[in-house]
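I opened this model to look up a few side-chain pairings and how the parts of the chain sit together. My entries follow in the order in which I made them.

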2 protein chains.
Amino acid sequence: MKKRSLLFAIICFALNVNASNPDSAVVSKIYDEILEKGKVYENLHYLCKNIGPRLSGSANAQKAVDWTKSLMETYGFDRVYLQEVMVPHWDRGVKETAYFKVNNKKQTVAVAALGGSVATIEKGIEAGIIEVYNFDQLKELGEAKIKGKIVFFNRPMNSKAIRTFNAYRDAVNQRSQGATEAAKYGAIGVIVRSMTTRVDEFPHTGSLHYDENVLKIPAVAIATKDANQLSEALKLQPSITFFMKLNCKTLPETLSYNVIGEIKGSEFPNQIITVGGHLDSWDLAEGAQDDGAGTMQSVEVLRTLKSLGVKPKHTIRTVLFMNEENGLRGGLKYAENAKQNGEQHLAAIESDSGGFTPRGFSVDASTAVVDKILSWKSIFDGFDLNEIGGGGGTGSDIGPLKPLGTALFGFRPDSQRYFDFHHAANDVFENVNERELKLGAAAMTALVYLIDQNGLN
Amino acid sequence: MKKRSLLFAIICFALNVNASNPDSAVVSKIYDEILEKGKVYENLHYLCKNIGPRLSGSANAQKAVDWTKSLMETYGFDRVYLQEVMVPHWDRGVKETAYFKVNNKKQTVAVAALGGSVATIEKGIEAGIIEVYNFDQLKELGEAKIKGKIVFFNRPMNSKAIRTFNAYRDAVNQRSQGATEAAKYGAIGVIVRSMTTRVDEFPHTGSLHYDENVLKIPAVAIATKDANQLSEALKLQPSITFFMKLNCKTLPETLSYNVIGEIKGSEFPNQIITVGGHLDSWDLAEGAQDDGAGTMQSVEVLRTLKSLGVKPKHTIRTVLFMNEENGLRGGLKYAENAKQNGEQHLAAIESDSGGFTPRGFSVDASTAVVDKILSWKSIFDGFDLNEIGGGGGTGSDIGPLKPLGTALFGFRPDSQRYFDFHHAANDVFENVNERELKLGAAAMTALVYLIDQNGLN
């Protein structure tokens, strides 16, 4: 080997540069930076412990807006700003109570009002229970059997699904539509089995959607353990009654914000690559996995690029969307503004499946874009990102960008533990693993970098 | 569509049969059985909570032998038996204590004697500290600076490694060889930074190996948080001293057992496919991930095949190896017996990397075997088993089968969380996820089934 090539080889080795693929070398640096000096874990700690639950319209949601704005300002991004958006403001009020009565003995159960539910009357409601698994059963039973009763939707999430989001998709209409469907037949309240495959003590809330033409009846999620007990009790004695008292209310819409930070593109400043998660969370916990993880990872993407001195060709924008959980107003407003302002969004990437160990990315784009992404497969493989493309959603907040021709990407972490915590009181910082969270941030940064450098054509 | 083909289509749909690939259909049934009716999680609960820590030679190790034998008997496997093996018997004794002294103030630190360590003298030892990162530094410092001191090995596991086992491999010589290397220069004791990338309060034990020609000196693992504090204190005041008192002893070797269950092959009863994990664990916790998970998954493989009525062509054997942690006597004895008895081991699969979400299998076999395994890639992909073949160890216990021509496979779960718990007091049942554990058992059963049906040629 000649002296010069030896020197080159030594330099390459020292810089950990893969000479045959400079992209690969930068991606390695991205991983090194985040795994060794990343801020995403400590930022998530702050969000969870110093702010906590942050449902749209709440004082905490405003605190989260203020803090993330100032956080991105301290990182010195080219521009940090707020985007106004009106959001629904639902409030749980005093914690709900519920029990069922067997032989006049009360058995308390763990419930949580579904987001958006109306309250019960002041003294609560009590009625007989009709257990069903689906809407067809409601139809079969009809008004004669349902009127005046509380309907108990008890179809479990399918534990046989390999990816838990598929099981969620197949069960969640009980939560989102159950109250409306049951009310059509005269039900006065609804109990929904929590959306998790675990059998535990946590009610998992989540939004419901009322049909404006149907009477709005109160609805709660019940912990799976209690759902099982209630179901057993009903088998022995179908005539038992259920009591629930909900104190929630819907307040006037509130002004809130998407929080946006960006680094200007050096070649194509008017072409934007957006990466984001949603800043709001349910009120029962810290929203650590849903979606504190995704928001802090999205901030980490910009921080890392800046920290490594990467000058992106395109404008890279971190967007912390407000109100994914019960309205999607942030995502809708962002796309609306993008359209009005004639912004060109090359790509949008969302992280809203938790901060678990990365598996890859789902892609919602043209075949040509998918092929382009797959051309980086050897780089992704080196970081155990094996699942590129294929099915699965990409993210609710970025969905409204699709009509603008934006290629959509969902960061896909392993899904096995997500519904252990989803929308429940145990979605706390302690249930996030530092390495997994950081690897997710690194995977997202890598994808943003590769798209920025190589485009999608 | 004709009536008959319609009927066939309906039947296929009902049975979830992929007509084009009957193997794929059975693999689906394997997953369904384990995810829906699996016993692996409740069996692991029993092992962890009703037996607990089970270091070789201990009364608990014997309880684990007795219980797993009776468990496999209740499942009605064709044959369940014990294989005698003499094992080392090391005992921690009264919990060790340690502190360092700054300006005569004691700062207690969390330590655990390394497995196999000698005790200190009765009143403990106290001496100055030499902090090093590697063995070269010992050589540079030499006897002049090391003699009479306690050597503190403080090289962290590399957090930048994507797969944590690589970081472990690169750091663990401090634990396994540190005491011998330090003793060569006259050190009187050794402190080793715990093998984890986390900064926490848990000392992580593990075995050390003394060179018989070098003085045996006592050695402890120190929690990473305390290692950092000690290192900081040394920077301010290099003259501080360290005290440690270890009460461990090595007792006479003890008779113990590998626990074996098998289903006889219908076509090739003399060709064996072995699947296993190790039954012993360190004494500090329940050995839930290491390796309760692997043993209970291995039992689940046989239970599932039997439960589904699969009649394997080859003999399928579950082996719960004794003494992986501090001697490997079970693995060695198993291979020795196999050789003596002229047993033909087609394949051996070990699960000893935790019960985390499955990523795939490492393979240590001929290229032809690797190609054969890769021919099932489309089946594996359907269950998110993307990492087939490639580097990484397969398992210590099955290693001794390699000279017999056995193809070796390591079940490869995601590695990110493994060293959070490895050999430490937090390796408890609560840190195992039910779905992840079950998916691992299903992946292993699938591999065993595919090898059994298709062979490896």
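**Entry: salt bridges**

I started with Glu181(A), which comes out as buried at a relative accessible area of 17%. The cut-off for buried is under 20%, so Glu181(A) at 17% qualifies. I noted that the model is a predicted one. Glu181(A) makes a salt bridge with Lys184(A), with 3.1 Å from N to O. Lys184(A) is partly exposed, and I read 43% for its relative accessible area.

Next I looked up Arg169(A) and Asp170(A). They form a salt bridge whose closest N and O atoms are 3.1 Å apart. Arg169(A) is exposed at 54% relative accessible area, while Asp170(A) is partly exposed at 46%.

In chain B I took Glu300(B) and Arg303(B), where the closest N and O atoms of the salt bridge are 2.9 Å apart. Where do these two residues sit relative to each other in helix H9? They are three residues apart in that helix (residues 288–307 of chain B), so about one helical turn separates them. Glu300(B) is buried with 0% relative accessibility, and Arg303(B) is buried as well, with a relative accessible area of 8%.

I then ran the search over the whole structure, and it returned 68 salt bridges over all chains. I wrote down one network of salt bridges that links Arg163(A), Arg359(A), Glu387(A), Arg412(A) and Asp414(A) with Asp384(B). The network therefore has members from chain A and from chain B, given that a salt bridge is a contact between side-chain atoms within 4 Å.

**Entry: aromatic rings**

I counted ring pairs next and got 32 aromatic pairs over all chains. I picked Phe356(A) and Phe421(A): their ring centres are 6.5 Å apart and their planes are at 10°, so I logged the pair as stacked. Phe356(A) belongs to the loop between strand E13 (344–350) and strand E14 (358–364) of chain A, and Phe421(A) to helix H13 (residues 418–421) of chain A, so the pair ties together parts 65 residues apart in sequence. I checked accessibility for Phe356(A) and Phe421(A), and both are buried. Both also belong to one aromatic cluster, together with Phe165(A), Tyr168(A), Tyr418(A) and Phe419(A).

I also looked for charges over rings. In chain A, the charged end of Arg79(A) sits over the ring of Tyr81(A), at 3.7 Å from its centre. In chain B, Arg79(B) lies over the face of Tyr81(B), and I read 3.8 Å from the ring centre.

**Entry: Ile260(A)**

Arg79(A) and Tyr81(A) came up again when I listed the contacts of Ile260(A). With neighbours within four places in sequence set aside, the list also holds Met72(A), Val80(A), Gln83(A), Arg317(A), Thr318(A), Val319(A) and Tyr334(A). Ile260(A) is in strand E10 (residues 249–263) of chain A. Is Ile260(A) buried or exposed? Its relative accessibility is 0%, so I put Ile260(A) down as buried.

**Entry: Gly57(A)**

Gly57(A) lies in the loop between helix H3 (40–51) and helix H4 (59–74) of chain A. I found Gly57(A) buried, at a relative accessible area of 14%. Leaving out residues up to four places away in sequence, Gly57(A) touches Val87(A), Pro88(A), His89(A) and Thr254(A). I also noted Asn323(A), which is 266 residues from Gly57(A) in sequence and 8.7 Å from it in space, C-alpha to C-alpha.

**Entry: domains of chain A**

How is chain A divided in the domain assignment? Domain 1 takes 15–89 + 253–454, and domain 2 takes 93–247. I read 34 Å between the centres of domain 1 and domain 2 of chain A, taken over C-alpha atoms. Their contact involves 18 residues of domain 1 of chain A and 19 residues of domain 2 of chain A.

Last, I looked at the record. The unreviewed UniProt entry carries the annotation "domain: Peptidase M28" over residues 258–439 of chain A. Over residues 258–439 of chain A I got 30% helix and 26% strand, with the end C-alpha atoms 25 Å apart.

How values were computed:
Residues are numbered from 1 along each chain as its sequence is written. Chains are lettered from A and ligands numbered from 1 in the order in which they are written. This is a predicted model: local features need pLDDT of at least 70, side-chain atom pairs count only at pLDDT 80 or more; totals for chains, interfaces and linings use all residues. Side-chain values use heavy atoms; hydrogens and water are left out. Rings of Phe, Tyr and Trp (its six-membered ring) pair if their centres lie within 6.5 Å; planes under 30 degrees apart count as stacked, over 60 as edge-to-face and the rest as tilted. Helices (H or I, at least four residues) and strands (E, at least two) are DSSP runs, numbered from the N terminus. Buried means under 20% relative accessible area, exposed over 50%, partly exposed in between (1.4 Å probe, protein chains only). A charge sits over a ring if NZ of Lys or CZ of Arg is within 6 Å of the ring centre and within 35 degrees of the ring normal. UniProt positions are given in the numbering used here, feature names are shortened, and annotations may be inferred rather than shown by experiment. Domain bounds come from an automatic or database domain assignment. Contact means heavy atoms within 4.5 Å.
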